[in-house]
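This report describes one protein chain for a reader new to it.

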Amino acid sequence: MAQRILVAEFMHETNTFSVQLTDEEAFRHSSCFVGEDVRTAFRGTRTSMGAAFEAADEFGWDLVHPLATHANPSGRVTDAAFETFAAMMLGATDGLDGVLLHLHGAMATESSDDGEGELLARLRQRLGPDVPIVVVLDLHATVTDAMASNANALISYRTYPHIDQYERTRQAAALLKRAMAEPVKPSVALARRPILYALDGGRTTSPPVQELLRRADEIEAAGRALVVSIQAGFSSADVEDIGPSVAVTGYDRAAAQAIAEELMDYVWDQRKFSSIHFTPLADAIAQARNGQDGAAKPLIIADYSDNPGSGAYGDATVLLKAVLDADLQNVGFHAICDGEAAAQAQAAGVGNDVTLRLGGKVDPAMGGGPLEITARVVAITDGRFIAHGPMGGGAWRNYGLSVLLRVRGVEIIVISHNGQATDLAQFTSLGLDPTRKATLIVKSMQHFRAAFQPIARDVLEVDTGALSTRNFRERPYRHVRRPIWPLDDI
């Protein structure tokens, strides 16, 4: 008989400082497929779930796929949403030989700071100790003891921007196949240090992460461990287990722990390294103005602090106001998340002018309040398209009712469902060619680089003081373990 494997995806990166709770509707608006719709949506795509279906074909598995869902990073997941999706997965556990999951690793719910640990503990209790559970995690996972003790293997992405979800899931599937065939199951050793933020935010082009991945390759090639995973952690979560970690999967727990501790010693030694350089906003605007005439490629200005990919609201207006005040020309702006404004533009209709209050409505103190503008409505879509870029993998995206507004020389994309700029189709789906703009504004920390850096003449990063500002001492941490660097002098 074919081995019966549960494969599922349940992902959320929770910014506990956000005032926006993440309910079931948020998951369904972003990406939510259930039952046979999972196969239809992902089979043949270069995604984590696509890799699971390919592995099932290769290994002759009988897949059970109850759920594949994720919501854009935001505030805590409601208990009701967590229980709904957890029940779908737990209800598909009869007669399993193995489990392959795609989780983020930084989910917090209304009642738990460790959503993945709670989910894995429930699965382990249901399945017992002999059914192997292999989990693919985001590079920015906040790995906890509960996650490590209830999984047989943890495998994190090795790229940032994250373009290796497919490869990591194929790796996880091969390891699951091996674990099911052997009487002794692997386990996970976990190491941490009193660090809130390090490893250059997980940038895999930075020397510390490159060195750790080089050492991980050597350890795995030598057979000293099955998997060595490096996690940068997620700094926008006020939780006890915040910070970077190393998870080592192997059969010899003591040896795996020693490897994890040695690598974490290196993380501690390199904790102050940073390659991030913020350009003052006025300087960024001046550079855009000076280079806009005859530009062959766009200048990219990335708003680091209003990055929806870290749970920021995506509606901060400080940068947009600076662009409009400077009367920059031939600008594409992605995006302002404001469903109310999008609906007003839809009511006005394509080709008409509309006066509205745009953005800054969730928390005007974080990145600027609403802007009063009069704009021409250029295009309207339902926000659905296929993303074929490096992070898209051929899967569908959904940003809800979306509009393109033009204010003089600036074309502004307004979306209803939040999300950072990671794919050129976020512009082209609304009829805007990003390669022909003099300046492109994106709200993103790093993921934009996979699709947008290849078309740019230069990239600037700015911090506009929105929710994900890098000024850690301005964040109201209350629950992180103390002392911890850099909040405390250790």
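Two residues are in contact when heavy atoms of theirs lie within 4.5 Å. The model described here is a predicted one.

**Two residues**

By that definition, and not counting residues up to four places away in sequence, Lys297 touches Lys437, Ala438, Pro454, Ile455, Ala456 and Arg457. Lys297 itself sits in a loop, between helix H10 (281-291) and strand S11 (299-303).

Ala153 is found in strand S7, which covers residues 153-156. With neighbours within four places in sequence left aside, Ala153 has contacts with Ile133, Val134, Val135, Leu175, Val188 and Thr249. Ala254 lies 101 residues from Ala153 along the chain, and their C-alpha atoms are separated by 15 Å.

Are these two residues buried or exposed? A residue is buried under 20% relative accessible area and exposed over 50%, with partly exposed in between. The table gives the value for each residue.

| Residue | Relative accessible area | Class |
|---|---|---|
| Lys297 | 42% | partly exposed |
| Ala153 | 0% | buried |

Lys297 has 42% relative accessibility, so it counts as partly exposed. Ala153, at 0%, is buried.

**The whole protein**

The secondary structure consists of 14 helices and 20 strands. The protein has a radius of gyration of 22 Å, close to the 23 Å that the globule rule gives for 490 residues, so it is as compact as a globular protein of that length. The C-alpha trace spans about 70 × 50 × 40 Å along its principal axes.

Of the 490 residues, 62% count as buried. The accessible surface of the protein is about 18,000 Å², and carbon and sulfur atoms account for 48% of that surface. Among contacts with a separation of 6 or more, 74% are between residues 24 or more positions apart.

What is the volume of the second largest pocket? The value is about 480 Å³. This pocket is lined by 25 residues, and those closest to its centre are Gln20, Cys337, Ser416, His417 and Asn418. Helix H1 (residues 24-30) gives the most to the lining, with four residues. By class, the lining of the second largest pocket is made up of eight nonpolar, 12 polar and five charged residues.

Definitions and conventions. Residues are numbered from 1 along each chain as its sequence is written. This is a predicted model: local features need pLDDT of at least 70, side-chain atom pairs count only at pLDDT 80 or more; totals for chains, interfaces and linings use all residues. Side-chain values use heavy atoms; hydrogens and water are left out. On a 1 Å grid over the protein atoms alone, a cavity is a set of points where a 1.4 Å probe fits but cannot get out, and a pocket is an open set with protein on both sides within 12 Å along at least five of seven lines; lining residues have an atom within 4 Å of a point. Grid points are joined across faces, edges and corners, and a volume is the space filled by probe spheres set on the points. Helices (H or I, at least four residues) and strands (E, at least two) are DSSP runs, numbered from the N terminus. Ala, Val, Leu, Ile, Met, Phe, Trp, Tyr, Cys and Pro count as nonpolar, Asp, Glu, Lys and Arg as charged, and the others, Gly among them, as polar. The radius of gyration is taken over C-alpha atoms; the globule rule is 2.2 Å times the number of residues to the power 0.38. Buried means under 20% relative accessible area, exposed over 50%, partly exposed in between (1.4 Å probe, protein chains only). Accessible areas come from the Shrake-Rupley method with a 1.4 Å probe; for residues, only the protein chains shown count as cover.
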